[in-house]
Amino acid sequence: MGTSFGRGGATTFQQDLQNADCILIEGSNMAECHPVGFQWVMEAKARGAKLIHVDPRFTRTSAVADLHVPLRAGTDIAFLGGIVNHVLQNDRYFHDYVVAYTNAATIVGEDFRDTEDLDGLFSGFDPESRSYDVASWQYEGGTVQAASGQREQAASQRLSEDDDAEGAAHGESHGSGGAGITGDFRADETLQHPRCVFQILKRHFSRYTPEVVEQTCGVPQETFLEVCRLLEDNSGPDRTSAFAYSVGWTHHTVGVQYIRTASILQTLLGNIGRPGGGILALRGHASIQGSTDIPTLFNLLPGYIPMPHASSAADLAGFVESEKAEKGFWSELSAYLVSLLKAYWGPAAGPENDFCFGYLPRLTGSHSTFETVMAQLAGECTGYFLLGENPAVGSANAKMQRLGMANLEWLVVRDLNMIESATFWKDGPEIETGELRTEDIGTEVFFLPAAAHTEKDGSFTNTQRMLQWHHQAVEPEADVRSDLWFTYHLGRIIREKLAGSTEEMDRPVVDLTWDLPTKGPLDEPEAEAVLSEISGWDADGTPLSTYQQLADDGSTVSGCWIYCGSYADGVNQTARRKPGAEQSWVAPEWGWAWPLNRRILYNRASAAPDGTPWSERKAYIWWGGEQGKWVGHDVPDFSPTTAPDHVPPDDAQGVAALSGTDAFIMQADGKAWLYAPAGLTDGPLPAHYEPQESPVANPLYGQQRNPARQIRSVVHPEDRFQPSGDEPGADTYPFVLTTYRIAEHHTAGGMSRWSPYLAELAPDPFCEVSPELAAERGLRHGDWATVISARNAIEARVMVTDRITPLRVQGAVVHQVGLPYHWGGNGLVTGDAANELTSLVMDPNVHIMETKALSCDIRPGRRPRGPARVELVAEWRRRAGITEETGLDA
């Protein structure tokens with residue numbers, strides 16, 4: 001969504017779902033995994049809205065939907081692309097919205113070639129590096145910069161052939177600001193030019209017909225057309241439809257392009273920025289959104305500011321020049337970054353030393369969790385912190401995770417319970433099989449018990465970009481401590497040991513501002529002081545109210561510019577709890593949402609170009625002519641006094657260059673992008689590719705898999721890939737496998753498997769299979785089955801259910817196996833982890849593993865014990881003819 005609209009967060013908020021006329025939930029079992037937010041879906045239904053659930057399984061969400069659409073896991077682009085094609089072919093798009101607020105009219109250069117021309121590839125693909133040169137994707141008459149986070153590296157590559165940062169990841173950088181655009185590019189507002197984005201879009205999706213959707217997804221044409229009808233009839237000036245998704249979309253080698261397809265569809269229908277519309281990215285944890293805003297991601301600084309590259313010699317000014325956009329709010333990068341540097345290094349940061357810009361770490365490549373595993377195995381990464389993560393169960397190819405940790409010198413695990421990542425060295429699966437011996441593992445493990453959220457103050461940033469404060473209820477017992485306590489006091493001790501050091505390499509730590517007030521007998525740092533610094537203050541210490549107050553002269557401090565204002569007036573805005581009956585339905589005084597407490601992003605698009613609402617029924621913000629500003633139900637996501645008819649001068653820069661109809665203020669052209677001339681590593685438009693492992697050959701193109709998927713050229717022996725489609729040996733793993741979560745357990749189970757109440761509700765791992773597959777493989781309900789991939793074999797109780805139905809794809813029956821992924825070897829209830837079966841292959845934009853669609857085999861009975869388990873996996877590899885080269889080609 002960052003590439004499409006300018007920000008990676010949800011465009012709307014959960015309460016607004018009640019205003020939708022139609023809701024499509026895909027890639028999520030919202031009723032089960034996000035039950036609190038699902039109340040607003042039920043409210044919408046009570047008001048007459050239609051609910052569509054697209055999912056391989058019939059779930060609790062499906063049970064209350066007006067229409068459940070089972071589809072083959074891994075085919076969502078074909079399904080959504082078919083709807084896009086239907087909308088375009090039948091002129092059901094919102095014409096005035098599309099012309100005013102999107103890049104539909106922009107003309108693309110003559111060099112661009114589509115997947116239609118190259119049988120599944122876009123122009124610029126280099127098969128040696130598995131990457132695209134995006135030069136041919138750009139607009140005619142303009143120069144499109146690399147995406148935010150890539151520009152500095154691209155600039156350095158133009159100056160030097162020697163680039164140690166080649167392959168570094170940039171996708172997460174699109175969370176706030178798409179690619180920059182310069183030049184005088186052409187447009188055709190009649191949308192008739194053969195190379196305008198609109199016509200390219202029509203041609204690209206033309207092959208995604210109802211027949212192809214049926215052949216690819218297994219969705220009957222009449223069901224597919226009913227979905228098209230419901231969405232089209234409930235979108236337009238007077239009606240809006242909303243989309244909601246979760247990790248069922250993201251955990252694929254084309255996960256980002258799933259979301260791009262939905263973004264294109266919602267933009268064509270005119271549903272972005274409008275009440276009852278938008279796209280809601282459902283987050284699986286209370287603060288997943290917060291962990292990307294103030295990131296746990298290796299290539300970002302807070303607020304989606306890109307991390308600089310080691311290959312670049314740019315100073316602060318050079319970095320800003322290469323990374324900022326020329327138009328829109330991302331043009332103010334210098335103010336955001338300098339204020340962040342002042343928060344880090346305070347008085348030590350001044351103009352004379354580039355505000356300590358040189359202190360920032362530099363990227364030397366991709367350092368995602370999976371590269372880290374490979375670095376552990378290579379002996380390059382010797383120490384590891386795990387805070388709230390359990391890779392021995394929760395990460396792709398759990399065996400590889402454990403082998404990596406077994407090669408460390410030290411490992412720090414902070415968690416509520418003694419999770420599998422803390423005990424793998426003595427009771428992990430590889431100890432049983434004899435692949436590892438406890439006495440040979442040199443990893444020194446430090447387990448430090450962590451405080452639960454009830455034992456500490458702090459905030460969550462949830463699904464809808466909203467910060468909500470939680471207050472400490474009880475003191476943690478014994479040696480249990482909060483993450484804030486651990487981080488602060490670890491830093492304090494390190495800084496005390498380095499005090500007086502004259503080593504230049506120690507300066508970034510010695511000069512840090514590390515002076516939080518503490519409270520209580522444990523010297524717990526004051527969490528509100530952290531929030532205050534994140535929000536920011538001016539040179540006089542006065543709290544800031546908006547990121548537009550940030551300056552690049554060192555006079556302001558802000559630890560995360562998009563959170564600026566969360567402590568406005570010296571008041572914790574995130575702790576507000578005004579009852580709903582005492583405020584409007586938007587509830588602006590319940591918590592605080594970034595940016596500036598806006599609840600619907602891009603809400604300028606909720607009004608027509610002239611500033612009047614598209615309809616009274618869907619009025620949200622509008623131009624108040626007499627007041628000379630935008631007014632309505634929400635904080636305008638727009639310059640508040642910029643009139644609808646404002647036309648900036650030709651030489652305008654930055655925010656001043658936005659016109660009165662540039663509703664997408666973080667984009668360099670102010671438009672929503674139906675076509676992405678830059679910003680994505682695997683194509684300007686979505687295209688259907690099969691998962692890395694699939695029993696089906698790609699029905700749309702000769703290109704089987706995402707050509708730019710992230711995959712290592714040298715595959716580890718414990719991470720072998722399976723043949724797919726028509727490749728010899730693919731029938732050894734004939735069934736589609738998908739993983740998911742259930743309401744009774746939470747993610748890797750580190751909390752829920754230790755709860756007796758939850759453990760009793762779901763005591764054993766299980767696999768869902770259809771009655772037809774059960775009959776074919778001799779599986780009996782309640783008995784055990786062994787599920788096998790090229791990585792491992794696990795056992796699970798058999799659940800024979802018609803919630804998973806066989807699908808007919810290209811004239812053949814395709815069966816699917818469903819596996820919840822919550823179990824491991826520790827806790828009150830134990831069992832094999834589903835992630836034993838998955839592999840280290842990823843989306844090339846954001847490095848998310850593909851765990852929602854792969855292939856497997858299944859047979860009755862429990863898996864073998866000891867070394868026989870390893871031999872079983874090896875036998876299936878031999879049957880399939882798997883080598884180190886399998887799966888590496890197209």
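Which residues does I83 touch, not counting residues up to four places away in sequence? In this predicted model, the partners of I83 on that count are F224, V227, C228, L231 and L265.

## Confidence

The average pLDDT of the protein chain is 94, and 95% of the residues score at least 70. Residues 155-172 have a pLDDT below 50, although this stretch has 44 contacts in the model beyond near neighbours in sequence. Where pLDDT is low, the predicted coordinates should not be read in detail.

## Nonpolar cores

The largest nonpolar core holds 85 residues, of which F79, I83 and L268 touch the most other members. Helix 5 (residues 76-89) gives the most to this core, contributing eight residues. Another core lies apart from it and has 56 residues, including L316, L340, A607 and Y620. In soluble globular proteins, nonpolar side chains tend to be buried together.

Strand 8 (residues 241-245) is largely enclosed by the rest of the structure, because five of its five residues are buried. S241, F243 and Y245 point one way from the strand, while A242 and A244 point the other way, and all are buried.

Strand 8 pairs with two strands named here. Strand 1 (residues 22-26) runs parallel to strand 8 and is joined to it by four bridges. Strand 9 (residues 279-281) also pairs with strand 8 in the parallel sense, over three bridges.

## Helix 20 and its cover

In helix 20 (residues 420-427), the buried residues are E420, S421, A422, T423 and F424. Which elements cover them? The cover includes strand 12 (383-387), strand 13 (410-415) and strand 14 (444-449), together with helix 18 (391-394), helix 19 (398-405) and helix 21 (429-433).

| Residue | Relative accessible area |
|---|---|
| S566 | 0% |
| R869 | 2% |
| V798 | 3% |
| N698 | 9% |

Buried means under 20% relative accessible area. At 0%, S566 is therefore buried; at 2%, R869 is therefore buried. V798 counts as buried because its relative accessibility is 3%, and N698 is likewise buried, with 9%.

**S566.** This residue is placed in the loop between helix 24 (527-535) and strand 19 (592-593). The side chain of S566 reaches the backbone oxygen of Y563 at 2.9 Å. Leaving aside neighbours within four places in sequence, the contacts of S566 are L467, L531, S535, V571, N572, Q573, T574 and W592.

**N698.** The loop between strand 21 (629-632) and strand 22 (735-740) contains N698. A polar atom of the N698 side chain lies 3.1 Å from the backbone oxygen of H688. H688 is also one of the residues that N698 touches, along with Y689, E690, Q703 and Q704, when residues up to four places away in sequence are not counted.

**V798.** Strand 25 (residues 793-800) contains V798. G861 is 63 residues from V798 along the chain, and their C-alpha atoms are separated by 9.7 Å.

**R869.** Helix 27 (residues 867-880) contains R869. Leaving aside neighbours within four places in sequence, R869 is in contact with P429, T433, N792, A793, I794, D832, E836, R863 and P864. How far apart in space are R869 and H471, C-alpha to C-alpha? The separation is 48 Å, for two residues that are 398 residues apart in sequence.

## Annotated region

An unreviewed UniProt entry places the feature "domain: Molybdopterin dinucleotide-binding" at residues 735-852. Over residues 735-852 the chain is 11% helix and 29% strand in the model. The end C-alpha atoms of this stretch are 13 Å apart.

Key: Residues numbered from 1 in each chain as written. Predicted model: local features only at pLDDT ≥ 70, side-chain atom pairs only at ≥ 80, totals over all residues. Heavy atoms only, no water. Buried < 20%, exposed > 50% of the residue type's maximum accessible area, 1.4 Å probe, protein only. Contact = heavy atoms within 4.5 Å. Polar contact = N/O pair within 3.5 Å; in protein donor to acceptor, adjacent residues only side chain to side chain. UniProt positions renumbered as here; feature names shortened; annotations may be inferred. Pairing = 2+ DSSP bridges. Core = buried A, V, L, I, M, F, W, Y, C linked by side-chain atoms within 4.5 Å. pLDDT = per-residue confidence, 0-100.
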